[in-house]
Amino acid sequence: MNIIAWIVLGLIAGAIAKAIYPGAQGGGILSTMVLGIIGAFIGGAVVSLLTTGTLSLAGASLSISGIVVAVLGSIIAIFLYYQLSRRAY
């Protein structure tokens with residue numbers, strides 16, 4: 001059941017982050033979900049590191065605070081993805 005919660009959290013967080021992040025992002029629902037799940041892991045790890053001092057990937061949950069953390073992590077993931085995939089002309 002935990003993986004289903006991560007997928008739902010990733011889909012919600014990815015969609016909200018893509019709506020907040022400035023500019024036009026390509027990709028469909030799959031890329032939104034993947035970036036959202038990666039963002040949920042990033043956000044959960046950062047919150048866990050800040051609150052407990054240890055790095056754990058179980059910091060985000062399917063709650064309001066978990067969605068906020070996942071959205072912030074998703075924005076970071078979108079930023080990093082577009083910075084790393086940008087081509088030099």
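Buried means under 20% relative accessible area, exposed over 50% and partly exposed in between, with a 1.4 Å probe and protein chains only. The model is predicted: local features need pLDDT of at least 70, side-chain atom pairs count only at pLDDT 80 or more, and totals for chains, interfaces and linings use all residues. Residues are numbered from 1 along each chain as its sequence is written, and side-chain values use heavy atoms, with hydrogens and water left out.

View 1. The chain has 3 helices and 0 strands (DSSP runs numbered from the N terminus: helices are H or I of at least four residues, strands E of at least two). Of the 89 residues, 33% are buried. Contacts (heavy atoms within 4.5 Å) between residues at least 6 apart in sequence join residues at least 24 apart in 66% of cases. The accessible surface is about 5,600 Å², and carbon and sulfur atoms account for 75% of that area (Shrake-Rupley method, 1.4 Å probe; for residues, only the protein chains shown count as cover).

**View 2. Helix α2, residues 29-52.** From first to last C-alpha, the 24 residues of α2 reach 33 Å, close to the 34 Å expected at 1.5 Å a residue (the expected span is 1.5 Å times one less than the number of residues). Buried positions in α2 include Gly36, Gly39, Gly43 and Gly44, along with Thr32 and Ser48. Just after α2, Gly53 takes a positive phi of about 85°.

View 3. Ser74 is buried, with a relative accessible area of 1%. Residues up to four places away in sequence aside, Ser74 touches Ala13, Gly14, Ala17, Leu35, Gly36, Gly39 and Ala40. Other buried residues of α3 include Gly66, Val69 and Gly73.

**View 4. The largest nonpolar core, with 7 residues.** A nonpolar core is a set of buried Ala, Val, Leu, Ile, Met, Phe, Trp, Tyr and Cys residues joined through side-chain atoms within 4.5 Å. Trp6, Leu9, Ala13, Ala40, Ile67, Ala70 and Val71 form this one. Helices α1 (2-20) and α3 each supply at least two of its residues. Another core, of 5 residues, lies apart from it and has Ala17, Tyr21, Ala77 and Ile78 among its members.

**View 5. Contacts of Ala13.** Neighbours within four places in sequence aside, Ala13 is in contact with Gly36, Ala70, Val71 and Ser74.
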